[in-house]
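Visitor: I'm new here and would like a look around. Could you show me the structure and then take my questions?

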Protein chains: 4
Amino acid sequence: MYSFKNDYSEGAHPRILNALMESNFEQEDGYGEDRYTSEAIKLIKEKLERTDVDIHLLAGGTQTNLTAISAFLRPHEAAMAASTGHILGHETGAIEATGHKIISIDTKDGKLNPSHLQAVLDGHPDEHMVKPKLVYISNSTEIGTIYKKNELAALKDFCDENNLILFMDGARLGSALCSSENDLQLSDLPALVDAFYIGGTKNGALIGEALVICRDSLKEDFRYHIKQKGGLLAKGRLLGIQFLELFRDNLFFDLAGHANRMADLLKVELSGANIQFLTDSPSNQIFPILPNTVISELEKKYAFHIWEKVDSDQSGIRLVASWATKEDKVAAFIDDLKKALT
Amino acid sequence: MYSFKNDYSEGAHPRILNALMESNFEQEDGYGEDRYTSEAIKLIKEKLERTDVDIHLLAGGTQTNLTAISAFLRPHEAAMAASTGHILGHETGAIEATGHKIISIDTKDGKLNPSHLQAVLDGHPDEHMVKPKLVYISNSTEIGTIYKKNELAALKDFCDENNLILFMDGARLGSALCSSENDLQLSDLPALVDAFYIGGTKNGALIGEALVICRDSLKEDFRYHIKQKGGLLAKGRLLGIQFLELFRDNLFFDLAGHANRMADLLKVELSGANIQFLTDSPSNQIFPILPNTVISELEKKYAFHIWEKVDSDQSGIRLVASWATKEDKVAAFIDDLKKALT
Amino acid sequence: MYSFKNDYSEGAHPRILNALMESNFEQEDGYGEDRYTSEAIKLIKEKLERTDVDIHLLAGGTQTNLTAISAFLRPHEAAMAASTGHILGHETGAIEATGHKIISIDTKDGKLNPSHLQAVLDGHPDEHMVKPKLVYISNSTEIGTIYKKNELAALKDFCDENNLILFMDGARLGSALCSSENDLQLSDLPALVDAFYIGGTKNGALIGEALVICRDSLKEDFRYHIKQKGGLLAKGRLLGIQFLELFRDNLFFDLAGHANRMADLLKVELSGANIQFLTDSPSNQIFPILPNTVISELEKKYAFHIWEKVDSDQSGIRLVASWATKEDKVAAFIDDLKKALT
Amino acid sequence: MYSFKNDYSEGAHPRILNALMESNFEQEDGYGEDRYTSEAIKLIKEKLERTDVDIHLLAGGTQTNLTAISAFLRPHEAAMAASTGHILGHETGAIEATGHKIISIDTKDGKLNPSHLQAVLDGHPDEHMVKPKLVYISNSTEIGTIYKKNELAALKDFCDENNLILFMDGARLGSALCSSENDLQLSDLPALVDAFYIGGTKNGALIGEALVICRDSLKEDFRYHIKQKGGLLAKGRLLGIQFLELFRDNLFFDLAGHANRMADLLKVELSGANIQFLTDSPSNQIFPILPNTVISELEKKYAFHIWEKVDSDQSGIRLVASWATKEDKVAAFIDDLKKALT
């Protein structure tokens, strides 16, 4: 059984484990005040070409989303998100548990644009409703699509004009930035969003997301929020060492690039076999539509998620490639698929 | 500079890192549904000699405290804790952030007893005040003391009679159970408390606390709470592998035993030098009272916390020994202390 | 200018003010422990033909909704409501502010049925999502429709089978029960819902909603929740005296009946003039669709809400009749409307 | 049985009920947007000699406290209060339920001063603890004492220097301002605190507190918070009409003055009989210490609270006089007390 279920099935890239080994007996201060965390943050700032951002290392995506969003909003303010957004459907009401409504927006492709936001603002005119304030986007999105630079810029302009906060969930940012269709640089982001994070967990780390706060008014006292929400690890070095390794050279991008290439291999072959897709995804997740009989056949040897029923005979499945996905397994999958299709 | 500041200055016990290495490329399901987590839970249940408890692996102490306490209480119910309790003074209002008051109880030794609780109940007669419901204790406590079996039994009886929940923070449970003054077995605990956790972070793991829910009515839907509070790690294997290693044999207790022995070495020598202590601590934290001049001298070579001012000339400091504390460093510290005292 | 904007434009029925006058200098205990509140509760229980329900008097609808729903749910549990539900769009995120997501359900007529609920349950299979638990319905609904007895019974059966809580917002319950299409008795309700409230504010009281908790497991400690959420009035007599007056005889129903008759007068005449309606409403709120030119003309003499744009030339408006609506004003409105239409 | 239990045993001053009667059938907009509320706010601003404050009318004290404090604080910030403060012991954890810790400060007389606050700040140095931010004081306090102008000024200076928010609970502000020992004017307050409220419920209204927000940064969007917390009454006129009547002339102060005079009568006679008091209270609440036998005798004819046990033979009781307390009942109480003492 080989798994294409997600991008967190394996442990960590070996260089990360080695770095943990090598540093293991050094004594470091706790709670993110260790030398490795400082160096990792310094390095990421260099990659961002910015010294005026605040960076915090957190353990996971839900933790980062709930900590940031609850820190950024006042009690009567709400987040807005595409209905496919991770905070809406896969975080067990974590944002609402901090007191904030999320306004759900239906989209074609999992991406928000200014007209979506304008419609929400128009529908929330007064104090009998929540005040829409934070725009939550994911890049890449939960259905594999990515934001182009001009799309982000349009969102940012709209947010600035309407005093909204633009927050980007980057759990799969590596895959987005390494997509063949991408035109964004990591260093573009601080000018294009108010805060975002760089996902480590789904790109080769054991755990870890690097939250980058770009807008000054959102920075104050942020470590209090991390601690209060249970996210300040005693051995913060665990996060620092990993991000230091990921960004010491090009490892972060190499890993994401590998994942995308493996997904592309699958996509090209599937397309060649006239398979349709639920979404046009240029990142490490693809969503082919297959006959149920083929799916059953594949399930004997491969693990993946059945995403949604398309009709009585076909379903869309999700195939996820990761930094650790093996090319020979991809080839084997393609072979098995072709056999099943005939 | 050698640090006695805390028990989380180093990484993890090498066996844990090796286990991470060896399992690294195995594909596992996420969110704690991996094989290692299952095995670790099975193993801990065996050590507890109980199959009827629920066990969940979480990342850290504050996360575990806030998740458990908010899951266990209804909105109008409050926790009670010794004023030295970790949730009162060192978790940034994490419990209150979930909506619950903590009633602070002054104690001599950081430990609660039934008369403390009775006084709280007497002072909370009606619906104009919160309803005291959960008793939070730590073992070992934040000031190094430990609970004896009969003390826990008395608390449990009181809680049962008054329909209270007894919850034990075991961030340093290893040290408590390996104390020379301890008369508790790990397997005694399920009968003596309603829920508790076994701390890994402060006893040789990178991260990890194993929460044991003993009382049936507290078990339902607990994974929802972990996920909602941001504590369900995508790579749950990271927790499972570590606890499996700690409890595969006697490693957990060996590490705690080492920490206690190092603290005992310090205590014996300090006592021998007629040093007094803030508390009578039989665990891995000790709190000697030293002349400020001596403290200044020691600070040149050692890191530790100054706990509290005693008078204009003396302060109490905290020395913490851990699984990684080196015996030669302890000896060196004692030598340096003796020199400074003369 | 005469207002059909809502059913809370005037003060209270004169009998209520008289009752306040007459009792004014009697000394009573505070916080709902006065004689009037006790008598009012006893009287409502008689009307309900049940002694085994708990009744609490609260000040307003949002207060009642947020207090009850947050008391009834555990942290990971969510409410479900029609997208038109008051808690979704007109209470400023009050429920989310207590930590709970509301799952929005699109409906034709503002009413929920078991198939709506089944679809929600199907879409929430595990701990990565909230657990749907409480079904919020309004009777009459926010768009004037009402529940028939068999519809409520079907919902209750579904809720019982799926361990859900059925909660009815009765801010306009009087109007629903006095509708010409209604087949429910007030005394039917305790068997058909787990909790509901009888709205006073929109039916002749200054303030006041009587919450009836029918299900035993929801009753415990409820006064704590009222107090914690700021709803326990020091002069609880203000609520007791009003509900005593409303239920001392048939006043509650007389007032609601008057409101419905005034709405019916409007509806009959509007229908006779071939006016269409946004919804088929048999209660005290009606939603006729009028040409925008006619609306502009009417706005010179009457106040009402423009509910929604229908097309470029027409809009739906909301006309609300209340216990205090004057028949001659209704007649005048109809005259003015007819003139405007010609 | 005559009650000295509290200052909310009776209804409202007759002028208030008359005003409700006279305005009853006027149609007004809901949610505090009525003409009466506007006029009341205008009038209070005139009394405050300030046009640059925001005023909101809310139903009760707990509601006002929880709405204001949760609106003013960010998630990691805490309130500070005297241990006798109403929010600490008599509001069922209402503040904590909005996510904020209250730091309890022991005092002699229920009043805070800068040295209390400095000690709290000193004890909260970093992000492992909450950030102390809002100073909650009551005037008069829960034990009858009042703040002098220089005391308030010293607190305000300290708060300004330390970027703290000074919030005054004025549930019994009338009694404080009309105390014989008072040197504050109502119009002094906007310069001396950041926000405060003028209590109506305990000074002759049915319900109602007028919250005055003086500091600009606390004003934004406040109506959202009121609505979200369930405090925006549909018939906001009920609050407007009452405050208009209380401040139309000197009624508010006349009522408070009467209450104080009745308390003074009691105090003078009790002092004359060599009775000691728990606190030196110059307002409408006094706390005489009486033999338990005398208390038992008095309880046959009078209702009051036994505040605390003093020794095995004596207890402190609380006697509260109000706008409605009758002088002949005070005289009768004194007679009965003297008899009981002999």
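Guide: Let's start with a term: buried area is the accessible area, found with a 1.4 Å probe, that two parts lose on being put together, summed over both. Keep in mind that this is a predicted model.

Visitor: How much area do chain C and chain A bury between them?

Guide: The contact takes 15 residues from chain C and 15 residues from chain A. On the side of chain C, Thr92(C), Glu96(C) and Lys101(C) lose the most area to chain A, together 41% of what that side buries. Of the area buried by the two chains, 51% is on carbon and sulfur atoms, and the total is about 1,200 Å².

Visitor: Which residue of chain A meets Lys101(C) in a salt bridge?

Guide: The rule finds 2 salt bridges across the interface of chain C and chain A. One of the pairs there has its N and O 3.1 Å apart, and the partner of Lys101(C) in it is Glu96(A).

Visitor: And what area do chain B and chain A bury?

Guide: Here 48 residues of chain B are in contact with 48 residues of chain A. In chain B, Tyr8(B), Gln27(B) and Lys235(B) lose the most area to chain A, together 18% of what that side buries. Carbon and sulfur atoms carry 58% of the buried area, which comes to about 4,200 Å².

Visitor: Which element gives the largest share of the side of chain B that touches chain A?

Guide: Between these chains there are 24 residue pairs in polar contact. Elements that give two or more residues to this side of chain B include strand E1 (2-3), helix H3 (61-72) and helix H11 (237-248). The largest share is 5 residues, and they come from H1(B).

Visitor: Which residues have the most contacts inside the largest nonpolar core?

Guide: Nonpolar side chains tend to be buried together in soluble globular proteins. The largest core here has 128 residues. One of its members touches Leu48(A), Phe167(A) and Val212(A), among others. The residues with the most contacts inside this core are Phe196(A) and Phe196(B).

Visitor: Is Asn260(A) buried or exposed?

Guide: Asn260(A) is found in helix H12 (residues 251-272) of chain A. Leaving aside neighbours within four places in sequence, Asn260(A) is in contact with Ser175(A), Cys178(A), Ser179(A), Ser283(A) and Asn284(A). The relative accessible area of Asn260(A) is 3%, and the cut-off is under 20%, so Asn260(A) counts as buried.

Visitor: How far apart along helix H7 are Asp160(A) and Lys156(A)?

Guide: These two form a salt bridge, with the closest N and O atoms 3.1 Å apart. Asp160(A) counts as partly exposed at 45% relative accessibility, whereas Lys156(A) counts as buried at 12%. Both sit in helix H7 (residues 149-161) of chain A, 4 residues apart, so the separation is about one helical turn.

Visitor: How many residues apart are Glu33(C) and Arg223(C)?

Guide: Glu33(C) forms a salt bridge with Arg223(C), the closest N and O atoms being 3.7 Å apart. Glu33(C) is in the loop between helix H1 (14-23) and helix H2 (35-48), and Arg223(C) is in helix H10 (residues 222-228). The pair links distant parts of the chain, and the separation is 190 residues.

Notes
Residues are numbered from 1 along each chain as its sequence is written. Chains are lettered from A and ligands numbered from 1 in the order in which they are written. This is a predicted model: local features need pLDDT of at least 70, side-chain atom pairs count only at pLDDT 80 or more; totals for chains, interfaces and linings use all residues. Side-chain values use heavy atoms; hydrogens and water are left out. A nonpolar core is a set of buried Ala, Val, Leu, Ile, Met, Phe, Trp, Tyr and Cys residues joined through side-chain atoms within 4.5 Å. Buried means under 20% relative accessible area, exposed over 50%, partly exposed in between (1.4 Å probe, protein chains only). Contact means heavy atoms within 4.5 Å. A polar contact is a pair of N or O atoms within 3.5 Å; within protein, one must be able to donate a hydrogen and the other to accept it, and residues adjacent in sequence count only if both atoms are side-chain atoms. A salt bridge is a side-chain nitrogen of Lys or Arg within 4 Å of a carboxyl oxygen of Asp or Glu.
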